[in-house]
Amino acid sequence: MYRTKIMFLTFTILALTTTSGIAEAKTEFNFWYGLKGYLGKQVAQVCDRFNASQDNYLIVCTGKGSYDQALQASIAAYRAKKHPHIMQGVDSSTATIMMSGAIYPAYQLMSDTGYNVDWDDYIGSIMNYYASSDGKLYSFPFNSSTPVMYYNADMYEKAGISGPAKTWDQFEEDLRSLKNAGIECPIAFSFYTWVHLDQYHYMHNEPISTRNNGFDGLDAELMFNKTSYVNHIKRLKRWHDEKLGSYAKNLFGIGTRESFATGKCGHYFGSIASHGTVLKTAKMQWNVAFVPHNKGTKPNNTVVGGSSLWAMKGFSNEEYKGVAAFFNFLRSHESQEFWSTVTGYVPVTKSAYDSLIAKGFYAKKEFAGREVAIESLTRTPPKPLSRGVRLGNYRQIKKILDEELEKMLMGKKSVQDALDNAVKRGNLQLRRFEKQYKGKSLP
Amino acid sequence: MIKRVIFKNQRLPYLLILPELLIILVFFYWPSIQAIFWSLTLEPPFGGPAQWVGLDNFRELLDSEEYYSSAGVTLLFAFWTTLISMGSALILALFVDRVIRGLVAYRAILMWPYAIAAPAVAVAFQFIFQPGVGFFAFLNDIWPGIWDPSIDSYDALVMVIIAASWKSITYNFIFFLAGLQSIPKTFVEAAALDGADPIQRFFTIVFPLLSPTFFFLLVINVTDSFTEGFGIINVMTQGGPGGSTNILVYKLYQDGFIGLDLSSSSAQSVILMVLVILLTFIQFRWIERRIHYAE
Amino acid sequence: MIERTPILNAITHTVLGLGILIMCLPLLIVFVAATLPYEQVIDVPMTLIPGSELIVNFNKAWHRGDFSNLGLNSIVMTLGILIGKISLASLTAFTICYFNFRFRMFFFWLIFITLMLPLEVRIIPTYEVASNALLPFQKILESLYLTDLVFWLTGIEIGLQWNLLDTYWGLTLPLFASATATFLFRQFFLSIPEELAEAAKMDGSGPLRFFFDMVLPLAKTNIAALTVIMFVFGWNQYLWPLLITTDPDMRTLVMGLENLIPSEDELPEWNVTMAGTLLVMLPPVFVVMVLQNHFVKGLLGGDK
């Protein structure tokens with residue numbers, strides 16, 4: 001055993017750091033992704049399709065577990081200089097990755113490798129999330145989704161509700177109608193910050209933080225304890241107190257989606273990406289609709305969720321040509337159609353969407369309703385407060401908010417106290433982020 | 001201590017001890033030193049230049065309410081798991097000790113939980129404690145909402161405490177039983193002849209003679225609850241709900257790995273290291289001395 | 001001594017019966033759940049009568065959890081850790097006992113202190129070292145400017161690299177060192193009669209020969225005891241494999257269990273999860289039950 005170890009050591013020491021390119025037939029590059037299960041298999045399919053479509057480059061795709069695990073793996077690998085060419089980053093990690101100094105911005109990659117990309121073709125509310133303040137795309141939107149409201153049409157019939165509510169007030173009334181009609185669980189809900197914090201603020205043109213949700217500077221401060229979000233949370237609490245719905249966090253595999261899909265609860269708010277999954281399980285009549293807005297406001301667009309692909313620094317030009325080819329492939333209508341077919345994610349370019357409509361894609365039974373997501377994304381052109389967030393350590397901030405809201409639900413704090421504390425703790429996270437990158441600014 | 005008869009080679013010992021030394025240097029000491037460095041800076045997740053902040057990370061931790069609440073949860077967790085686990089083990093050991101026939105059989109049956117991995121225990125107990133399925137669903141039917149660890153902090157804490165205690169009963173049981181079996185029967189008989197009943201005998205003879213084992217297990221249990229709890233909590237509750245099962249070691253993992261806050265996580269590591277060192281130190285100094293006395 | 005304590009005897013048996021029930025009830029529930037079909041396992045309350053789906057569920061768990069792959073990883077990891085730990089610990093203990101060399105006590109304390117640094121408190125930086133195990137040496141070389149010197153002289157840039165992530169080495173190497181095992185061996189070696197070493201020296205055999213021919217055979221029972229303990233320890237490792245593997249193919253069985261927990265995507269097929277739990281539990285439980293005596297000896301430190 002020791003002998004092997006010494007041999008290994010010697011061998012490694014004698015090896016030079018950079019590997020010179022041995023003349024290979026195809027240029028290989030690596031992509032680490034963080035989607036599991038069925039979705040993970042579909043990603044592998046996308047990779048296979050790329051490899052089959054051309055002869056110059058070979059993409060090697062490895063599933064690294066969940067988003068978190070894939071990101072950790074990429075980070076550890078980057079520190080050891082053994083990172084992949086492409087890594088997948090969930091939307092809330094955008095600011096962290098942008099400031100890391102480890103990535104090769106998408107717009108630069110494409111222009112350096114000679115691709116002429118029509119950036120305006122990208123759906124605005126998707127592209128803005130991942131673009132610099134002057135509109136240059138840093139990472140490639142990959143699996144993009146947006147939240148919708150799933151509703152149980154059978155239950156609507158039973159309670160005499162004609163159609164999905166457009167405003168929160170109407171929605172709450174609908175919940176009561178369902179309850180009165182004898183339905184025990186009108187809604188399965190949680191504090192899902194992506195829907196109730198992020199998208200709520202975007203839709204109502206209210207700030208989650210100062211500095212235009214962080215886009216304008218690292219010195220942003222959280223503000224959601226002063227917006228109408230407070231009332232919205234009070235609303236959710238009301239549903240819980242009046243037993244208009246059941247709070248269903250995903251513990252023990254029974255989350256909001258599960259509760260809805262098995263027909264137990266009448267509504268749930270979730271990503272359009274789950275459209276396919278619900279389709280498989282649900283045995284009742286159901287459909288999707290816009291997420292409601294406050295009465296008297298004209299709602300903005302919702303913003304993309306999901307993840308994007310980042311090119312990482314440190315590789316040869318030849319390999320980057322392959323990466324660019326892959327990104328270009330993903331943009332094609334054909335690839336987007338494939339992705340929209342096998343998953344519930346939406347196409348990311350306007351032209352791809354148009355071509356799908358022209359093909360009658362959304363008229364098909366199994367995909368009907370998904371166009372709601374696109375319409376939600378394009379309801380208005382993105383405004384400064386409906387571009388997304390550019391806040392560092394956002395994942396931590398959301399976890400803090402979740403924790404405070406849970407405490408509130410258990411009766412340990414009032415809504416305002418919980419939100420105040422969340423803002424206080426969250427701001428600490430933002431300050432840490434700012435200090436970490438002292439003297440630097442967001443692109 | 002060293003043997004009286006030794007070998008005189010000069011270079012061989014260094015060679016022989018080198019493998020283990022290398023491993024602990026690379027995997028124990030280097031990371032620990034690095035943790036100390038990172039705890040004094042703001043280390044960016046992807047590497048690169050780090051800001052020196054001195055003791056700020058520690059200050060922030062000790063200023064934050066959640067750190068104390070996490071410490072509180074850890075203490076609660078340590079206290080209850082130790083109490084339940086050692087208490088049950090002691091009772092079981094006492095009774096098994098009285099059994100003349102079938103001792104080995106009893107011991108065998110009570111021994112197997114040791115072999116189960118923490119996540120397996122967590123998975124099994126998670127199933128058993130589910131509000132929607134299984135035994136507790138039955139309870140929930142009668143009194144709706146009485147049991148729901150996904151939203152009730154007490155339920156969640158109770159659940160992980162029970163799972164963790166159950167897992168360590170065997171370990172304690174074996175030590176207690178061995179301790180009890182090594183008490184000379186003559187002591188007990190003499191006391192009985194003097195007219196002491198079993199309960200009196202327990203307090204005057206058995207417990208004092210058992211005390212070295214007891215204290216040894218006490219420290220082991222407490223130290224272990226800092227660390228063993230991780231597997232169970234990671235699978236069952238991920239520190240929730242509302243941070244009610246967020247023991248220190250889990251918080252450290254969560255902040256570092258998921259929150260990507262390497263520096264705060266390292267500062268937490270350093271604090272934990274100090275605590276563990278203190279505890280282990282107490283064990284070896286104080287307990288060892290008492291054991292030698294008892295013998 | 002015969003004492004007539006009928007009440008106490010009755011209590012004894014009751015308590016023991018209760019104890020056994022509590023300790024075994026979870027296993028019973030897991031077992032029953034593993035034998036039920038899906039509809040029965042989500043039934044409220046779940047029946048306690050075993051069904052007939054055990055093999056079916058075993059099969060499902062096996063395939064869904066990729067057990068053949070993960071099982072191999074677990075076996076390699078466990079055996080690796082086992083062999084590594086016992087080899088290193090015995091060798092180190094031997095060196096500390098039978099040689100008097102400079103820094104002997106220093107190294108002894110160095111090893112001792114590691115007892116106070118459980119993995120959980122040094123997770124993050126240990127992970128970083130795992131991505132390049134030669135990093136400490138690289139850094140040392142760099143800080144001594146040796147790398148620059150070599151580059152200047154020869155144009156070769158030294159880059160020490162040894163990535164342990166997602167490798168068998170990574171799963172086992174860092175766990176080779178064990179302060180507890182080292183001390184156990186040391187305790188035992190100290191009790192070996194001096195005459196043996198004297199005889200060996202008079203025979204002219206060197207220390208290594210003494211170690212392999214005389215000391216190790218004497219330590220057989222200790223080694224057997226430690227084997228049981230370390231087997232369970234290695235098999236049940238959770239945190240370290242969790243950190244060091246991101247490639248799903250390199251995961252261990254115990255990690256794989258987590259994947260069998262029903263997620264939002266799927267139906268809550270707990271019967272399959274429980275079947276998987278049983279499978280994962282089998283090897284260590286088997287080892288412990290069959291080698292009970294060795295196990296107890298190992299736990300107690302070999303001196304009871």
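Buried means under 20% relative accessible area, exposed over 50%, and partly exposed in between, computed with a 1.4 Å probe on protein chains only. By that scale A:Cys61 counts as partly exposed, because its relative accessibility is 23%.

The structure is a predicted model, in which local features need pLDDT of at least 70, side-chain atom pairs count only at pLDDT 80 or more, and totals for chains, interfaces and linings use all residues. Residues are numbered from 1 along each chain as its sequence is written, chains are lettered from A and ligands numbered from 1 in the order in which they are written, and side-chain values use heavy atoms, with hydrogens and water left out.

**Disulfides**

A disulfide is taken here as a pair of cysteine sulfur atoms within 2.5 Å. Over all chains, the search of the whole structure returns 2 disulfides.

| Disulfide | S-S distance | S-S torsion |
|---|---|---|
| A:Cys47 and A:Cys61 | 1.8 Å | about -90° |
| A:Cys185 and A:Cys265 | 2.0 Å | about 90° |

The torsion of A:Cys47 and A:Cys61 is about -90°, so this disulfide is left-handed. The pair links distant parts of the chain, 14 residues apart: A:Cys47 lies in helix H2 (residues 37-53) of chain A and A:Cys61 in strand E2 (residues 57-63) of chain A. Helices (H or I, at least four residues) and strands (E, at least two) are DSSP runs, numbered from the N terminus. A:Cys47 is buried, because its relative accessibility is 3%.

For A:Cys185 and A:Cys265 the torsion is about 90°, so the disulfide is right-handed. This pair also links distant parts of the chain, 80 residues apart: A:Cys185 is in the loop between helix H8 (168-180) and strand E7 (188-189) of chain A, and A:Cys265 is in the loop between helix H12 (256-261) and strand E9 (267-271) of chain A. A:Cys185 and A:Cys265 are both buried.

With bonded cysteines counted along the chain, the disulfides of chain A have the pattern 1-2, 3-4.

**Strand E3 of chain A**

In strand E3 (residues 86-90) of chain A, 5 of the 5 residues are buried. In a regular strand the side chains alternate between the two faces of the sheet. One side of E3(A) carries A:Ile86, A:Gln88 and A:Val90, the other A:Met87 and A:Gly89, and all are buried.

Two strands pair if DSSP finds at least two bridges between them. Strand E1 (residues 27-33) of chain A runs parallel to E3(A), joined by 2 bridges, and A:Trp32 stands opposite A:Met87. E3(A) also pairs with strand E11 (residues 305-312) of chain A, in the antiparallel sense over 5 bridges. There, A:Ser308 is the bridge partner of A:Gly89.
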